[in-house]
Structures are given as C-alpha cells and as structure tokens.
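Visitor: I am new here, and I would enjoy a short tour in questions and answers. Could you show me the structure first?

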Amino acid sequence: MQYKGDIEFELVSQTNEQVISKMPITKGILNPFGVVNAGAIIWFADATASLLLLQSTDTKEGMSGFPLAININTNLMNNASSGEFIATSTYIKKGKTVSVLNTIVADLNGKIIADVTSNHVASK
C-alpha cells in the first residue's frame, strides 16, 4: 500500500510579535480516519512559529540562523475533516540563545485544535 501526503499553508499577517497563518484541510493531510493527521498540525504550528522567529528574513536551503525546534510540546484538543486551520504564534520568551513560542491552532469558528509550545535555537 502506498500513501502520499501534501501540505501547504499561507501567511496571513506578520508583526515583530505575532504571526498568523492559515492551512487548508486537504485530502493530502488527512489520516486514515478522515481527520487531519497530528503530524500535519504540529508541522503547521512549527512552520508558523519559524516565520515569527525569522521575521522578514529570506530563507534558503542550508542557511545559517534558521530557527531549529529543540522541543515541541503539543496538546491536541480537537480535529476536523474539512475547512481551514488558523495558527497564531506569539513569543513567551525572546531569548539570545533559546526562544520559546506559543502557537494556537484553531478552526475558522475559533475552536482550539492544538496548543503548542516550542523552543528554538538558531542553526549554525
């Protein structure tokens, strides 16, 4: 049996203190039970947090300074099979070495899907 996934998201707004993005729920991110795979939710939260840490930096493969997640704690509370998810990332601690962020993933009605806390360091 072969499985294929496809994931995408879009930046909605970005400030120095907050990033909001949205991810459509597509067939390519659904698990065999027909709801969004937990890994896709965590990936979406991590990608949104990375945009906050990067600010307006142009990214490229192999770049130094990319924010590497060293710990991701996720509380999955709900799920969905259609629509879109909205992620909002904010700082808990903006550090020189380690930064800690909170990302809330919700559906379009505001129902919280996941509450994610992640720690990041800049790659060398």
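This is a predicted model: local features need pLDDT of at least 70, side-chain atom pairs count only at pLDDT 80 or more; totals for chains, interfaces and linings use all residues.

Visitor: Why does the ring pair of Phe9 and Trp43 count as edge-to-face?

Guide: A pair of aromatic rings is described by the distance of the centres and the angle of the planes. For Phe9 and Trp43 the centres are 5.5 Å apart. Planes over 60 degrees apart count as edge-to-face. The planes of Phe9 and Trp43 stand at 80 degrees, so the pair is edge-to-face.

Visitor: How many residues apart in sequence are the parts that this pair ties together?

Guide: Phe9 sits in the segment before strand S1 (10-14), while Trp43 belongs to helix H1. The pair therefore ties together parts whose separation in sequence is 34 residues.

Visitor: Is Trp43 buried, partly exposed or exposed?

Guide: Buried means under 20% relative accessible area and exposed means over 50%. Trp43 has 36% relative accessibility, so Trp43 counts as partly exposed.

Visitor: What is the angle between the ring planes of Phe9 and Phe44?

Guide: This pair links distant parts of the chain, 35 residues apart, with Phe44 in helix H1. The ring centres of Phe9 and Phe44 lie 6.0 Å apart. The pair is edge-to-face because the planes are at 65 degrees.

Visitor: Which residues do ring pairs link into a cluster?

Guide: The count of aromatic pairs comes to two. Ring pairs join these residues into a cluster: Phe9, Trp43 and Phe44.

Visitor: Is Phe44 buried or exposed?

Guide: The cut-off for buried is under 20% relative accessible area. Phe44 has 0% relative accessibility, so Phe44 counts as buried.

Visitor: Which element gives the most to the largest nonpolar core?

Guide: That core has 15 residues, and Phe44 is among those with the most contacts inside it, along with Val36, Ile41, Phe85 and Val105. The elements that give two or more residues to this core are H1, strand S4 (84-93) and S6. With four residues, the element that gives the most is H1.

Visitor: How far apart in space are Asn79 and Gly34, C-alpha to C-alpha?

Guide: Asn79 is in the loop between strand S3 (67-76) and S4. Its contacts beyond four places in sequence include Val36, Ile41 and Phe85. Asn79 and Gly34 are 45 residues apart in sequence, and their C-alpha to C-alpha distance is 10.0 Å.

Visitor: Which element gives the largest share of the lining of the second largest pocket?

Guide: About 160 Å³ of space lies in this pocket. Of its 13 lining residues, the closest to the centre are Leu53, Pro67, Ser99, Val121 and Ala122. Two elements give two or more residues to the lining, helix H1 (38-54) and strand S6 (112-122). The largest share, three residues, comes from S6.

Visitor: How many lining residues of that pocket are charged?

Guide: By class, the lining of the second largest pocket has six nonpolar and five polar residues. The charged residues number two.

Visitor: Is Ser50 buried or exposed?

Guide: Ser50 is in helix H1. Beyond four places in sequence, Ser50 touches Phe66 and Pro67. Its relative accessible area is 6%, and buried means under 20%, so Ser50 is buried.

Notes. Residues are numbered from 1 along each chain as its sequence is written. Side-chain values use heavy atoms; hydrogens and water are left out. On a 1 Å grid over the protein atoms alone, a cavity is a set of points where a 1.4 Å probe fits but cannot get out, and a pocket is an open set with protein on both sides within 12 Å along at least five of seven lines; lining residues have an atom within 4 Å of a point. Grid points are joined across faces, edges and corners, and a volume is the space filled by probe spheres set on the points. Ala, Val, Leu, Ile, Met, Phe, Trp, Tyr, Cys and Pro count as nonpolar, Asp, Glu, Lys and Arg as charged, and the others, Gly among them, as polar. Buried means under 20% relative accessible area, exposed over 50%, partly exposed in between (1.4 Å probe, protein chains only). Contact means heavy atoms within 4.5 Å. A nonpolar core is a set of buried Ala, Val, Leu, Ile, Met, Phe, Trp, Tyr and Cys residues joined through side-chain atoms within 4.5 Å. Rings of Phe, Tyr and Trp (its six-membered ring) pair if their centres lie within 6.5 Å; planes under 30 degrees apart count as stacked, over 60 as edge-to-face and the rest as tilted.
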